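Work through the exercises below with the sequence and the model side by side. Try each task before reading its solution.

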Amino acid sequence: MGERVVIIGTGVMGCAVIKGLLAQDPSRAAAIVAVDIDHKKLAEVQRQFGVGISSSTVEAVAGADLVVLAVKPWQVSAVLTDLAKAWPRHCLLVSIAAGVRIASLEAFLPDGALVVRAMPNTPATIGAGITALAGGSNVQPSHLDRAKAVLSSLGEVVTVSEAELDAVTGLSGSGPAYVYLFIEALIDAGVREGLARPVARQLAVETVLGAAKLVKESEAHPAILKDAVTTPGGTTIAGLAALEQGGFRGLIFNAVRQATQVSRALGKGGEK
Ligand SMILES: NC(=O)c1ccc[n+]([C@@H]2O[C@H](COP(=O)([O-])OP(=O)(O)OC[C@H]3O[C@@H](n4cnc5c(N)ncnc54)[C@H](OP(=O)(O)O)[C@@H]3O)[C@@H](O)[C@H]2O)c1
């Protein structure tokens, strides 16, 4: 049996981790324990995924190698206060609670505790997320590798410094919502030009998906791909000119900055 993984909090993200781990290796169910204060949710998790369940964080963590903390930020202190005395020395804590700093997480646990802080995004729920992680003061590269192995169940994983996690939140954490807005606007614009809504939706979604795939797979700078489809005096340059006139790039810069600043403020001021 591989690492014994405990997932605390079986909401959207906790379930995404369980689903992703089982998609990677279905035989892993016996080594996963889910914990939640909601008994109904736990029963449903057991029925759906066939993993172990427990309503006691202390009991579950006693046998754990790695704990994924997936409760809301303001629920973290209650969970970790309970766990402080029961925390096994070798156990690695991987917290995905937005805005809760590594120093705060470490302060709850015994000296030398292994802590990784991570920031996933919602496409994680279908295994297409991107998660950035940062290691705590006692974490070695081998611990980061263990955290990466578990978080890769949600999609891609990158390592950053903790200071960069606010910008990560502003870009990839909040980013899906920016893209949803862009897709919705494309659909409405297509409808305005006379397309049926389902057709406009299919065109908009596949355009965003295909363009993202091409950027990823070609590894070309996006500007090169843009130049390649921009004929002098043509349709695309006319559309791009309209976006530039509306300050498209500036708006994106500003959106990421605003979201980053809110993330910084939340981290400084404690959790909501
Ligand atoms: N969703 C996202 O897009 C996203 C992205 C990045 C990071 N995150 C982070 O991921 C974390 C989880 O988010 P989520 O959307 O999955 O939250 P969620 O759906 O509310 O799930 C949290 C679960 O933990 C349970 N819980 C609360 N206190 C507990 C305790 N003491 N012991 C065990 N379980 C407890 C909650 O039960 P109750 O419902 O009864 O309180 C709930 O079932 C958050 O910290 C969030 O910041 C989320």
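## Overview

The chain has 12 helices and eight strands. Helices (H or I, at least four residues) and strands (E, at least two) are DSSP runs, numbered from the N terminus. This is a predicted model, in which local features need pLDDT of at least 70 and side-chain atom pairs count only at pLDDT 80 or more, while totals for chains, interfaces and linings use all residues. Residues are numbered from 1 along each chain as its sequence is written.

## Exercise 1: Strand by strand

Solution. 

Step 1. β1 (residues 5-8) and β2 (residues 32-35) run parallel, joined by four bridges. V5 faces I32 in β2.

Step 2. β1 also runs parallel to β4, again with four bridges. Here I7 stands opposite V68 in β4.

Step 3. β4 pairs with β5 in the parallel sense over four bridges. V68 stands opposite V94 in β5.

Step 4. β5 (residues 92-95) is joined to β6 by four bridges, and the two run parallel. S95 has R117 as its bridge partner in β6.

## Exercise 2: Covered strands

Task: Are the residues on the two faces of β6 buried or exposed?

Solution. 

Step 1. Define the terms. A residue is buried if 20 or more other C-beta atoms lie within 10 Å of its own, exposed if 12 or fewer, and partly exposed in between; C-beta atoms are placed from the backbone.

Step 2. Sort the faces of β6. L114, V116 and A118 lie on one side, V115, R117 and M119 on the other, and all are buried.

Step 3. Conclude. Six of the six residues of β6 (residues 114-119) are buried, so the strand is largely enclosed by the rest of the structure.

Step 4. Compare the whole chain. Of its 272 residues, 33% count as buried.

## Exercise 3: Two sides of α4

Task: Which residues of α4 are buried, and what do they pack against?

Solution. 

Step 1. List the buried residues of α4: V76, V79, L80 and L83.

Step 2. Recall the helix rule. An α-helix has 3.6 residues a turn, so residues three or four places apart point the same way.

Step 3. Turn to the other side of α4. A78 and T81 are exposed there.

Step 4. Find the partners. The buried residues of α4 pack against β1, α3 (57-62), β4 (66-69) and α5 (102-108). Contact means that the C-beta atoms of two residues, placed from the backbone, lie within 7 Å.

## Exercise 4: T169 in its helix

Task: Where does T169 lie, and why does T169 count as buried?

Solution. 

Step 1. Locate T169. It lies in helix α7.

Step 2. Count. T169 has 24 C-beta neighbours inside 10 Å, so it counts as buried.

Step 3. Widen the view. Eight of the nine residues of α7 (residues 165-173) are buried, so the helix is largely enclosed by the rest of the structure.

Step 4. List the contacts. Leaving aside neighbours within four places in sequence, T169 touches A98, M119, S174, A259, T260 and S263.

Step 5. Check one pair. T169 and A259 are 90 residues apart in sequence, but 7.2 Å apart in space, C-alpha to C-alpha.

## Exercise 5: The ligand shell

Task: How many residues surround the ligand, and which are the closest?

Solution. 

Step 1. Count 28 residues, with G9, G11, M13, A97 and A98 the closest. The cut-off is a C-beta atom, placed from the backbone, within 6 Å.

Step 2. Find the helices. α1 (12-24) and α4 (76-83) each supply at least two shell residues. α1 gives the most, with three.

Notes: Pairing = 2+ DSSP bridges.
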